[in-house]
Amino acid sequence: MNTITDPVYGSDNNLIKHLKSPDFFDVEKFPIAAFAMTKVALANGENINVTGNLTIKGITHEITFPAKMEVKGGIVNANGKLTIDRAKWDVRYGSGKFFDNLANDAISDDIEFNIKIVAKK
């Protein structure tokens with residue numbers, strides 16, 4: 001979780017500091033998020049569906065996401081995008097699922113991750 005960055009401003013700005021705070025991911029208490037792959041299924045061509053257990057803030061849920069796979073020189077590379085509902089991992093700040101009176105101050109519960117998997121064949 002210490003590698004959270006903003007594509008425009010990098011990792012040393014108020015947004016990133018807030019995301020690392022107890023309001024969101026509480027990185028000091030939970031410095032690592034983990035993904036344990038449990039299944040890979042061919043979708044079509046070089047596209048696969050990756051299933052596994054995602055742990056954030058000590059909470060684990062099974063997730064599945066599509067990825068594009070490439071094999072070169074015995075190395076498997078897979079890249080995909082994963083969108084999760086942060087409320088399932090108790091990330092409450094600004095969530096309409098936890099607070100009724102937010103109106104226009106509510107923040108989307110969807111979080112998108114870019115996932116890269118590298119493995120030896």
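This is a predicted model: local features need pLDDT of at least 70, side-chain atom pairs count only at pLDDT 80 or more; totals for chains, interfaces and linings use all residues.
Local features here need pLDDT of at least 70 and side-chain atom pairs count only at pLDDT 80 or more, while totals for chains, interfaces and linings use all residues. Residues are numbered from 1 along each chain as its sequence is written, and side-chain values use heavy atoms, leaving out hydrogens and water.

Let's start with the strands, which are DSSP runs of E, at least two residues long, numbered from the N terminus, just as helices are runs of H or I of at least four. Strands pair if DSSP finds at least two bridges between them. β3 and β4 pair in the antiparallel sense over six bridges, with V71 opposite V76 in β4. They form a hairpin with two residues between them, and G73 in the turn has a positive phi of about 55°. β4 also pairs with β5, again antiparallel, over 11 bridges; I84 has I111 in β5 as its bridge partner.

Now the core: a nonpolar core is a set of buried Ala, Val, Leu, Ile, Met, Phe, Trp, Tyr and Cys residues joined through side-chain atoms within 4.5 Å. Buried means under 20% relative accessible area, exposed over 50%, and partly exposed in between, with a 1.4 Å probe and protein chains only. The largest one has 22 residues, and I84 and W89 are among those with the most contacts inside it. Its largest share, four residues, comes from β2.

Finally, F24 and Y93: their ring centres are 5.0 Å apart and their planes at 50°, so the pair is tilted (centres within 6.5 Å; under 30 degrees is stacked, over 60 edge-to-face, the rest tilted). F24 is buried at 8%, whereas Y93 is partly exposed at 35%.

Key:
Rings of Phe, Tyr and Trp (its six-membered ring) pair if their centres lie within 6.5 Å; planes under 30 degrees apart count as stacked, over 60 as edge-to-face and the rest as tilted.
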